Amino acid sequence: MRFKAIFIDIDDTLLDYVPCCREAFFEALPPLPASPTRGGEGKTDDELFELFFEISGRLFSEAKHGLHTIAEVMELYPAEFIARSGLVPDPNEQERMTDIFKHAFRAAWGETHTLVPGAKETLDRLRAKGYRLFAASNSFGHLQRRRLDRAGILPLFEDTFISMDIGYDKPDIRFFEHALVQVNRSGETVLPEEVLMVGDSMTTDILGAQKAGLKTCFFNRRPEEKRNEQTADYEIYTITDLLAIL
């Protein structure tokens, strides 16, 4: 067996991020002030989601390059969304409504579990082949584990490595070093080069894992987009393509 353990990212690798984000956003939106068009600028609900998605996407992208921690992003994007949405014109009310929206979104996020096509079948077959499977994600541990459980795939993982449990975000090498220590505490010795990291982010998943000495598989969900010259050991276009490698 070429690899003894597989680390797999969660969002946009196993769980489909955009529909999950959209579902959680609209679940969290009702507690906010409502009007026929929502917001002082007359934004529709879909326009509000586009604004939210742009803000959160930009901040998470900045976090990949070390400008923020994931914990900071989790506080920044609700505040910026409320400030820019026009939903709460009174500045004195914005902090309170930010807190309401933040907690409502997190609670809703923990219930989202839309799988990427073929994800469960791929994990089932990898387990059947004898691979040790571990989830590796940047987020809140309790929310990610709940989502995996709701999707019916949590039992397929031997353990979950989540940044806000560990204290380091991918691509920090310490995230991967911590994960390797835990893997070796719970089973046979596994060397870094015997671990394959699978993920959709060249920066967060691939670069970080390479620095830690792991082998890498880039899940390229958007092949039409240009990217830098960084490469992974393997590249796949659907999650089921992983079965041709392993």
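Leaving aside neighbours within four places in sequence, S56 is in contact with Y17 and Y77, where contact means heavy atoms within 4.5 Å. This comes from a predicted model, in which local features need pLDDT of at least 70, side-chain atom pairs count only at pLDDT 80 or more, and totals for chains, interfaces and linings use all residues. Residues are numbered from 1 along each chain as its sequence is written, and side-chain values use heavy atoms, with hydrogens and water left out. S56 belongs to helix 2; helices (H or I, at least four residues) and strands (E, at least two) are DSSP runs, numbered from the N terminus. With 2% relative accessibility, S56 counts as buried, a label for residues under 20% relative accessible area, as against exposed over 50% and partly exposed in between (1.4 Å probe, protein chains only).

Buried positions in helix 3 are I70, V73, M74, Y77, P78, F81, I82 and S85. Such spacing can be read with a simple rule: an α-helix has 3.6 residues a turn, so residues three or four places apart point the same way. The cover over the buried residues of helix 3 includes helix 1 (17-28), helix 2 (45-64), helix 4 (91-109) and helix 7 (163-166). After helix 3 comes G86, with a positive phi near 80°.

Turning to the cysteines, the whole structure holds zero disulfides, a disulfide being a pair of cysteine sulfur atoms within 2.5 Å. For C21, the closest cysteine sulfur is that of C20, 8.7 Å away and therefore too far for a bond. C21 is buried at 0% relative accessibility, and C217 is buried with a relative accessible area of 0%.

The largest pocket holds about 1,200 Å³ of space. Here a pocket is an open set of points on a 1 Å grid over the protein atoms alone, where a 1.4 Å probe fits, with protein on both sides within 12 Å along at least five of seven lines; lining residues have an atom within 4 Å of a point. Volume is the space filled by probe spheres set on the points, which are joined across faces, edges and corners. Of its 44 lining residues, D12, F60, K64, D200 and S201 lie nearest the centre of the largest pocket. Helix 2 gives the largest share of that lining, eight residues.
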